[in-house]
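Hi,

Here's the structure I said I'd pass on to you.

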Amino acid sequence: METKALDTRSLHLSAPATHPPFRTATVLGAGTMGAQIAAHLANAGLEVHLLDITPDDGDPNQIVNKGLQAAKKASPDPFHTSDVADRIYTGNFDDNFDRVAQADWIIEVVVEHLPIKRDVHARIEEHAREDAVISTNTSGLPIHEIAEGRSADYKRRFLGTHFFNPPRYLKLLEIIPTQETDPDVVERVAQFGRIHLGKGIVVANDVPYFIGNRIGIFAQLQAMRYYTDGDYSIEEVDTLTGQLQGHPKSATFRTADVVGLDVLVDVTKNLHEKAENDESRDEFQVPDVLQKLVDNGRKGAKSGEGFYKKVDGEIKSLDPESFDYTSAGEQDLGDIKSIKKAGDLKARLNALYQDTGRAGSFFRDTTLATIGYSARRIGEITDNPADVDRAIRWGFGWEMGPFQKWDALGFETVINGMKEHDIEVPAWVEDMADAGVTSFYRVQNGNREVYVPEEGAYVSDPTPEDQLSLDRVKAQSSNEVWTNGDAALLDIGDDVMLYEFRSKSNSLGRDVMAGLRECIDRVENDPNVRGLVIGNEGKNFSVGANLGEMAMAAAQGMYDQIGEYIAEFQDTIQKVHYATKPVVVATHQRVLGGGAEMTMASTHPVCAAETYLGLVELGVGLIPAGTGTMRMAAYAAERAPDDHPSNIQAYLRGYFETIAMAEVAESAPQAIEKGFLPEHTKVVMNADRRLHVAKEEVKALSEQGYAAPPVRNKIRVLGEKTLAAIKVSLRGYREGGYISEYDEFLATKLAHVMCGGELSSPQDVHEDYLLELEREVFLSLLGEEKTMARVQHILEHNKPLRN
């Protein structure tokens, strides 16, 4: 099959950035979306003016301020750190509309009502600078209709930007240009969105509800009707549409409750009204049960009840007959456990498809319907199947989009299934089959390609130049220069190596740590290597040390071996810190325990903004013993303005409480704020760019003439007087019922190490002294019955035990 170059509108693939980034923005509309878009723009460092209408009486800014306050209280938090909100300046449409003139980018986010949006854009045109970019945020209104009546110059720099809610966390940003939009404007917004806002960009056609909602809502309604019109329970539907098939844990009905049932009703009705030429238009009918819930004020999570309701601590679901909430019954889904254990996602999907029971019937019916609908939308919503997959993955959290699922299930299997289910197969798919094309994606000469029907050929679907793909690196077997099964050393080009974890959950077991020591030695001793990146493309960077290994050894009384392992672990982390060539740790998502200690040891870490980092060992009855306790004690002494005990103690107490409460930073900037990471940490808004940025950091450090940091041989610790003060505070917490007696015991052990042990007065100590204290306390805690109960509970239930 021929490969052609595609003149794609998906300009998100361009790199490096050639347009200047936006510095200022004005957001018009401070509802949930407007306020949270403003928050994320502020996360990216912009100065943001947030404006809304003026109330009939009272404070003219009360509406906009209420919206901003709601964003500050929202969960999950739309701000990286609390002080980010200081970059947002509120105002109102009557007194402050002239602030539009201060903005590089103006985003209108008023109510989804066409006349109102048009009126706002008429006012924008009166004030906006000639070089300002203007966009409307809408989930589905026609972009060209919003711009009606505006000048040609206005339309040239006007486009749709559809952020998904919540804007900080959902990756998808759909960009919808009109026929009049200047391609350079599309390029500029796409570059800024990808690099500075961390978004996955999909350029969509200006059709009803674009790509993400058009396909995603269709799929959601298909699943929902097996409850509203069929004989599947809410719990059964959510079991079948959740993690089992690579969808979010919230599945169908929990997602609906979180989004808001009123929102779902409005979107569904609008889709039915607007999609006039859609052959499946009648699929966008609001189910009676859903409409009745909204009519009764049951709007989901925002009202406390929807399809689910928490009653006396129990999550109950809606009985469609009585409209009361009942406890979950037994699920009749056959041998669902075997399907869950079938293997990776592709294996689970095939097991579901082949299942002869109710689980398989549901999966085949809903999946084939969604795949068929997606195929019939090609040419209308986009020409590129890959953009459909990206929109659904990034906007709805699926691990595979519809066409990726098609490939996973088998091209002919799905076509035959659609025909058996009387699902219309579009002509272009039949043409593919006739041409002998049997997949939508393929890798050709190491490059990923996607079949695009308009071209009748595969076209390149490259990774942007500033996004380092390990899959692409590993496609060349020569790039894997070392492996031990649980980890590998990869040549990522430009004389830089990368150490990749491959253990379950990227846990730091003995083989992973031994491999890292060996690979650091290799890098240091190879004159042709600049340095090392430690990173991976797993779901999380690392959940920490392998607790299972230690629990098993402790159960067998192998404390000498555990002591050796802890010493090796500390030695490995210290090698990261003191390597003679730069070792840059590149993190993303959860970075816990030993993973956090490894990141803290890196002299120049690179962290995705969505990095959730913490020393959580006390939650399992232990203390950080992979240099984490030592390092935080050292930070207290180093970051205090002088050696006066009261100044050091102020820092020490803060760091002690952070560890004692097992606090996890909720962003990389917050990890810096909490003291885990240095101020010079490079924070990367788009997690997909972190490995590239880390590689460039290694190159830059090497070019500058990298020198390892000096050994910490004088850490000022405060001794027994400060330890006694901490003990008094802990006793007060325990007597007040805030912590348990065992929590007090554990925190006292932590304080013992951080204060330097049994020292009568403040002294300077070598870091090795504190590392030895770490090991001693850690080993002693492993011998405690309550600690072992906590360890076993986290291993079995993935939840902490408070005993």
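**What I found**

Let's start with helix H1 (residues 32–43): its 12 residues reach 16 Å from the first C-alpha to the last, close to the 16 Å expected at 1.5 Å a residue. That expected span is 1.5 Å times one less than the number of residues. Helices (H or I, at least four residues) and strands (E, at least two) are DSSP runs, numbered from the N terminus.

Before going on, a word on the source: this is a predicted model, where local features need pLDDT of at least 70, side-chain atom pairs count only at pLDDT 80 or more, and totals for chains, interfaces and linings use all residues. Residues are numbered from 1 along each chain as its sequence is written, and side-chain values use heavy atoms, with hydrogens and water left out.

Back to H1: 11 of its 12 residues are buried (under 20% relative accessible area; exposed is over 50%, partly exposed in between; 1.4 Å probe, protein chains only). Among them are Met-33, Ile-37 and Leu-41. Their cover includes strand S2 (24–28), helix H2 (62–73) and strand S7 (158–163), going by contact (heavy atoms within 4.5 Å). Just after H1, Gly-45 has a positive phi of about 95 degrees.

(Strands pair if DSSP finds at least two bridges between them.) Gln-444 has Asn-447 as its bridge partner, and in the two-residue turn Asn-445 has a positive phi of about 55 degrees.

Lastly, there are zero disulfides in the whole structure (cysteine sulfur pairs within 2.5 Å).

Cheers
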